Amino acid sequence: MLLLSLTLLGMAMTSFISDTPYFKYLSLALTLTIGLGTGVNGVSGFFSLVSFFPSDVALATALGELSGSASLAISPFFGSFLYSKLGFIYTYIIPGLVTLLSIALIFPLPLPVLCVDTTA
């Protein structure tokens, strides 16, 4: 999540680069990094859901797919709204800061201890 949030904030800073080739290469590198961060978040999210619901993997998978599909459906509308109202920079700053805030809220929470009976 930290990789994703820092990359989103870095993408906002590309608007201050006036040299077109550097802008293109940096934007491409940051876009690839955003994709990598999103993939890592998806895998860790599914792992967390399966660890919360070890006896019902179908429910965990359904919840993961639901949240992922909902975010893919909402994000173009949210991004275009931010771009039309606030401009290019805030289209990346606001999601980056929300991701940083979610890190601060999620990671201090204790995870449930899962006990697996290996004797059976």
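Predicted model: local features only at pLDDT ≥ 70, side-chain atom pairs only at ≥ 80, totals over all residues.
Helices (H or I, at least four residues) and strands (E, at least two) are DSSP runs, numbered from the N terminus. Residues are numbered from 1 along each chain as its sequence is written, and side-chain values use heavy atoms, with hydrogens and water left out.

The protein has four helices and zero strands, in the order α-α-α-α from the N terminus. Of its 120 residues, 21% are buried, where buried means under 20% relative accessible area, exposed over 50%, and partly exposed in between (1.4 Å probe, protein chains only).

I turn now to S27. This residue belongs to helix α2, residues 20-52. S27 is counted as buried because its relative accessibility is 12%. A polar atom of the S27 side chain lies 2.8 Å from the backbone oxygen of F23. Beyond its neighbours within four places in sequence, S27 is in contact (heavy atoms within 4.5 Å) with M11 and T14.

With a relative accessible area of 56%, F107 is exposed.

Finally, the protein as a whole exposes about 8,500 Å², of which carbon and sulfur atoms supply 76%. These accessible areas come from the Shrake-Rupley method with a 1.4 Å probe; for residues, only the protein chains shown count as cover.

Notes
Polar contact = N/O pair within 3.5 Å; in protein donor to acceptor, adjacent residues only side chain to side chain.
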